[in-house]
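Biologist: Please take one part of this model and examine it closely, beginning with the backbone of a loop and continuing to the helix packing beside it. Where the same terms apply elsewhere in the chain, kindly extend the account.

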Amino acid sequence: MDMYSLVSIIGGLAFFLFGMNIMSSGLKKVAGDRLESVLQKMTDSPIKGLIFGAVITIAMQSSSALTVMLVGLVNSGIMSLLQTVGIIMGSNIGTTLTAWLLSLSGLKTDNPLLLMMKPEYFSPIIALIGVLLVMGGKKQKHKDVGFVLVGFAVLIHGMEWMSDALSPLAKMPEFTSILTAFRNPFLGVIIGTVFTGVIQSSAASVGVLQALSLTGHITYGVAIPIIMGQNIGTCVTALISSFGVSKNAKRVSVIHISFNMIGTAIGLIIYLFCRGILNLQIFDEVITPFAIACFHSAFNVLTTIILLPFSKSLVVLAEHLIKEEGKEGVFLDNRLLLSPAIAVTECRKKTVLVMKKENEGVLKAIGLLSSYDNAIRDEVHELESEVDFMVDGCNQFLIQLSSAESSGKESVMIADMLHVLGDMERISDYSLNLSATAKKISHSGGKNKAGLSEYFDPINKSLSEILEATANAYELRDATDSYLIIQKTEALVKQIKKLKKSDLKTLRKGKTSAESSVYISEYLSVCRRIAEHSQNIAESLL
């Protein structure tokens, strides 16, 4: 093999990885809405987690990326450790799709219709359609589909380039002697692990093996251990991402590694039994790209069937291996940015939590008016600090997310959340104003306290209803209630204006003390601001 062939192999691999990256990015955008809905329906059921893992991996075209994202979900406290087990198993099945697509390159036929199934024949057509969609598509969805098609064509071109560069190896005796060394299954597992760990993609690693198989010198005995090793190598990315995260997040990568290592151990035992005891002749036969895809899928499906009933045992094993205390979980982990659709969904869940905390603070502050308690006032301050922390975390996360490749709908949701978070933070700030006014009234004397508490009851009741309705509408994304919230807010604002005018008249007539009038003005102004910010949130749903 000359230098040009070596450069061609490296160039082909680069095209392959680049095409996969483009295709993955486009698929994530196209499937964004589905990813979100699947995530929302996900439960503790390992079977549903299995389906979820397969679907997400097909969309992301990377089981490693999915596991990294799972580390982020667990580190953010969004998912439990047990929920990740089925997803990890499903990701191993989903990642086999690329191998099936590439296996068509080994198709041998003279039938013109069947020939069109070979990637080298239909990929130029796919590339042309993709380019036309990217350049001429009016909707972003069409452009995203175009990028998927272009990425696939580039991936296939890289595969062909590698195959052409590797074909001279078939005539080299040195290559045959190297393959003889690979007949040792343990060495094959190590090679598969190391190579996949370096390029951090089991799909690409299997693709390279399929390209090598086209030389006609890769046997079943050589390929099968390498494929099993590739499953271990794909865990490297998740292992690296687990540094500096919470204890439970570290356990996610341990589950991923242990699942693949146990599966490989079982596979090796079956392999050694079939080859050494049964002496099956198939291990000396030349393997095809199609057979590689078949074994890759069969191995992952069989491993999943065997280990799925032991999901809880894998969690116990991870807990036993990782005992030391890790870092505290973060509010929103940047690893979620790998999938903008899921990142947007999880961030919105956090904004719902922010709204609940902000409402709790306001309601506690309102309660201080009738029964002032320093301990409750401290709780109001703590809730306001929590809201500030969460709003800052959401804002920073959304700023990073806005620069990621996201769909049009996701971009709109990001903009809406950034806007709404400002209203939530202001409402939380006003809870401090309410508690401060309640403190003044409490210290002003029994007469003011009893009278003003009763005076504000209708306002407090209306404000509580608005806050509750806004929180429910925002959580459920129910725009139908928005109009009712807006009407209630406008009615409350009119009521507040009327009370202020009435108070001014009684103050001029000397029927109200100046001190009470100040408290009334302060309290009513804050309630009006809270209602108006709630109205802004309701309007964002429209």
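Modeller: Asn279 is placed in the loop between α15 (247-277) and α16; helices here are DSSP runs of H or I with at least four residues, strands are runs of E with at least two, and both are numbered from the N terminus. This is a predicted model, in which local features need pLDDT of at least 70 and side-chain atom pairs count only at pLDDT 80 or more, while totals for chains, interfaces and linings use all residues. Residues are numbered from 1 along each chain as its sequence is written, and side-chain values use heavy atoms, with hydrogens and water left out.

The phi of Asn279 is near 55°, a positive value in a residue that is not glycine. Most residues other than glycine have a negative phi. Arg477, in the loop between α22 (457-476) and α23 (480-508), also has a positive phi, about 55°, without being a glycine.

Helix α16 (residues 289-307) packs with helix α12 (residues 202-213): their axes come within 8 Å and cross at roughly 145°. Axes are lines fitted to C-alpha atoms over the stretch in contact, with angles from 0 to 180 degrees between N-to-C directions. From α12, the contact (heavy atoms within 4.5 Å) involves Val206, Leu209, Gln210 and Ser213, and from α16 it involves Pro289, Ile292, Ala293 and His296. Five of the contact residues are nonpolar, three are polar and none is charged; Ala, Val, Leu, Ile, Met, Phe, Trp, Tyr, Cys and Pro count as nonpolar, Asp, Glu, Lys and Arg as charged, and the others, Gly among them, as polar.

Charged pairs are found elsewhere: nine salt bridges are counted, each a side-chain nitrogen of Lys or Arg within 4 Å of a carboxyl oxygen of Asp or Glu. In one of them, Glu346 and Lys349 meet at 3.5 Å, N to O. These two residues are about one helical turn apart, because three residues separate them in helix α18 (residues 340-367).
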